[in-house]
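User: I am new to this structure. Please show me how to read a few of its features.

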Amino acid sequence: MVTNVYVSAVTQDNISRHELLAWVNSTIKANFSKIEEMSTGAAYCQLTHLLFRDSINLRKVKWNSRSEMDHISNWKILGTAWKTLGVDKPLQVERLTKAKFQDNFEFLQWFYKFFNANYVDDGEEYDAIAARGGEPLPAGAKGPAPARVPPSRTTTTNTTIRTTAPVTKKAPANHITPPRASAQPTVDSSALKELQQEVAKLTQQNEEMTSICETLESERNFYFEKLRRIEDMCNSCEDGQNPDKEAILAVLYEANIFILSYTSRMESADESLLRTLKGKAAGTVAIFDKGDYYACYGSDAVLLATEVFMSDVCLKTVTVKGELLQYLTMKSGQYQRTVRELLMFLRYRIELYALDQERWVLKAKGTIGNLGDFEDVIGDVARSGNVIMAIKIANGENNCVSVCFLDLMEFRVLTSEFIDSPSFAQVEQCIVGIAPRECLVYGDEGSCPFSGKDRPKKLSALLKKVGVLETSTATLKEVSDWEEVSNIFRPGCNQSSLSEPVKRCLCGLYNYLKMTEQEAYLHKFSLSDFRTTGFMHIDAGAVRALELFSLSYHQDAKGNTGTLYGLLNKCRTAPGQRLLREWLARPLCDIRQICDRQDAVESLVENSEARSTLSDLLLPKVPDCSLLARKLVLSKAKLQDCYRVYQLAVLLRHFERILRDLFDNDETHAPAIKDLMLEPICYALLHFEKYCQLIRSTVDEEYREKTGEFRIRPDIDPELLRISDDMCALEKKAEKARKKLASTLDLESIKLDSNPQHGFFYRVTLKEEKNIRKCKLITILETNKGSGVRFSDGDLEEINERYQVLSNIYRTAQQDLEKKVISTCAGYASALSELSSALATIDVLTSLARLVTDAASEYVRPKLEPMGSGIFELKKCRHPVLEALIDEHFIPNDVDLGNDRMVILTGANMGGKSTYLRAAAISALLAQIGSFVPASYARLSVLDGIFTRVGASDQQTRGISTFMAEMLDCATILETATSNSLVIVDELGRGTSTYDGFGLAWAIANDLLTRVRCFCLFATHFHEMGALAEQPGAVAMQMSVAVENGQLTMLYEIRPGVAQSSFGIHVARTVGFPENIVEEASCILDELENAATEADVDEVIKKLKAADDEELARLLA
């Protein structure tokens, strides 16, 4: 039995390394010169033998070996002896054998206290050299070093000693004890509790490792015993006699119970692995944590090789229970990359398994919407689009939909209920506006007796279309859990208006996101209605056709310059980038709000000083406030995060000054400047005034400026002040040591510096390196071109050791105060979120102003008219994205839909029809987000939606052909568009026969003209469609071309009339088609055009014009 010793982290009676080495050398007659030499474990074996003579057989100790395996054997001998004696100090052999100074220094300090606690002097001298058989220690030592005897030892107050039994062991007569510290801090109970928990954890780990070692020892001894027995059998044979073959085979194949047990456990783990792989759901990747690395098997390994690592070189094969599997292994960095790629981009589910009791058990899981256990791995990528939604569709005749969005970044809940169209047009608008990652789908139990029984399939198709991961949930949480769920809302939120379906959705989200495990979420979420009224209707088709932005946040984060978002995104802050995307997804329909934005943008355009100051000086210094608020709420913030909020609050003074100057010097736009920019900043200044006082009174800014690290001010607490004074004294000692060394080397250019890696060190330039290398007392730490030569000497190292100890003590002592400061700062999280919104608005308005000033061509402020006024006039309109990408001069065109609300546009292939359509739609959208538009003049009525049918592509994964995709889009347009909408249709009817395509194009265009009566730009290659322009409200226009000597030249100018040809054969000749193919195509074209007379065509058109709906259907059939 021994006396176990526990040392708290705040102990101050640790002696220096020189005194420790002197004690070891004097005690066991050794000659250690470095702490690192103790890593062999031999010295500790002899010191333990000195205390407990019968505990260790020193003949087994490898005294002079340089092999790491022998060193591990020494530690193993020591660990076995300690286990027998009852010493419960865990041995971190892997760390100690690496010969790192800090690990061995801390362990030697502990062992010194352990030795003193168990030493009893019985007067008998211990001959250390004789005990180890005359071996020198360490290897190569000439003899014992002279002892540096420190003062006599005294018992420290912060070392906890637990006596389990009296000790009557021998100790050397020349035993040396350490000095008493001048002042001792008391042991913090919370710190001691944490240490005890850590000790228990490490003890458990030690027991597990000991069990593994015993397993290996048993296996080794088993086979060694076999060899020994066979050797004895061979030695017992007389000359010329062979050993008994059967007897040797019996020995070789003799079973070992332990090995059989180990094999059965491995079989159990393999069976568990196969069972896990077979049981995982589709779209899920299973990753297995093997401790030092991670592994994937089967189809998951192939997926990672092809989609993540882009190479099958990493694939290997392994046989598991007779089944051949492909697998790959990943290190920590590759694992993190894999998790990010799978969740954020490939949108797979991830399940992480760990081995427990010989079975693979689920350790963590996550999806794109519920990152959960992988949020720390995802890191910065998770900042954008952190929204998950739940939707419930009813079985009634009306397509009643309940939608709930939960934003974990902004701490907000948005709910909405409405009766939607069969194609879920309003749900699509909501998804485009919010951009959730994942959708939980709930439905009423039982079958739907109405035509809406296909609603789940249609909703699933919509979610695939917009790129949202669908999670179907068979069971719903009962509303009885609502009392628990309602605790996440801030006081004052109106929860009584929520319907039962919405509550059920919220309960499902609450449990799916494991919010029960986060007490920090309590009373943090705002609750509001998500409204589609008051915003322009933008669906996924319009987003893709107009190339507004990527439907995935993370694609936009890559800096896509081929989209409108990429052109407009001159924002300097992450919240500003998110808000810009939201404005593009939800343009306003309220003229007053639009004009306020336009006023603010125009003011910034006219005031270059304010614009450049905001964009180039102030906004780049703004951190991601939403992320900081989230850290504060979840208690993950550090002192550094609190100080960043303080720096932002100080920066607000500069924002207020610039915006007030802008307000004072622009009377015309002053109301908009005040409402959108100045007033929110002034409010934030008042709100964060006390916050700034708190940080100034608690954070040591002088220390931060000097070292770059954050700590609590020492004058707050007497203990911190005393430790700080000791640290300052050491800093002065370090400066004296620098002067002494500079004088010795006659080199005044030596600088004293410090960093977290090395602590104190000296520094000179590379030119002066030769002057210091001749000094043997110097140790070179680092050499590079930027910082020169970093080095140290013995005096500075000793000062540095003491300084590092004091720094650790300071950090431990300030923990409670630091937690209180961070907890107080967390109360400002909601105000920080509001400030984030205000700064994001300023950022977006400044970005829109820079769009105007940085553009090479003219942008003009559009004049908006009330909805329904029937005005759509653009002069010299241009496509902003295409204009920025091409090197040539962009040819502008006019768009006038005021008198004729439908334009039938014909022209040559590659003639600019699609660009003309998109330019008009993008200009209308820019006008309603508050931006200037790329034109010389713009006067527009407010639109309630933009609908598109542009492009032709199939969707094989959804079983949709090219023609079917066209028809679905057209059905949505005819169902949803109103007289206040803008519809652009590009080359409808290409996916079917010519006559079917022409008939459908005519019918759809005619319905848009006569029934819907919306603004419409209809581009087509059916030149006969020009006859539709004879009806009131329609006009035929064409993209002009010039043909000279068989050469086709695109003029890209619009003019009245119908094009006579699409010039497809000319385009084919231009791109280099073989001449024989072009000639044959021309001949066939002539035959087809001459086969039908103009009278026949006119007759068909007359019939189509005169036909009602029934007759039109019969003619088309």
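Analyst: Start with Thr613, which is found in helix α22 (residues 608-618). Helices (H or I, at least four residues) and strands (E, at least two) are DSSP runs, numbered from the N terminus. This is a predicted model: local features need pLDDT of at least 70, side-chain atom pairs count only at pLDDT 80 or more, and totals for chains, interfaces and linings use all residues. Residues are numbered from 1 along each chain as its sequence is written, and side-chain values use heavy atoms, with hydrogens and water left out.

User: Is Thr613 buried or exposed?

Analyst: Buried means under 20% relative accessible area, exposed over 50%, partly exposed in between (1.4 Å probe, protein chains only). Thr613 has 13% relative accessibility, so Thr613 counts as buried. Leaving aside residues up to four places away in sequence, Thr613 touches Leu618 and Ile658. Contact means heavy atoms within 4.5 Å.

User: How do the axes of helix α28 and helix α30 cross?

Analyst: Two packed helices are described by the angle between their axes and the distance between the axes. Here, the axes of α28 (residues 718-745) and α30 (residues 794-813) come within 10 Å and cross at roughly 160°. Therefore α28 is roughly antiparallel to α30. Axes are lines fitted to C-alpha atoms, for helices over the stretch in contact, with angles from 0 to 180 degrees between N-to-C directions; over 145 counts as roughly antiparallel.

User: Which residues in α28 and α30 meet?

Analyst: Among them are Leu720, Ile723 and Met727 in α28, and Leu796, Ile799 and Tyr803 in α30.

User: And the whole protein?

Analyst: The protein has 40 helices and 29 strands. Of its 1117 residues, 48% count as buried.

Technical notes: Parallel < 35°, antiparallel > 145°, perpendicular 65-115°, else oblique.
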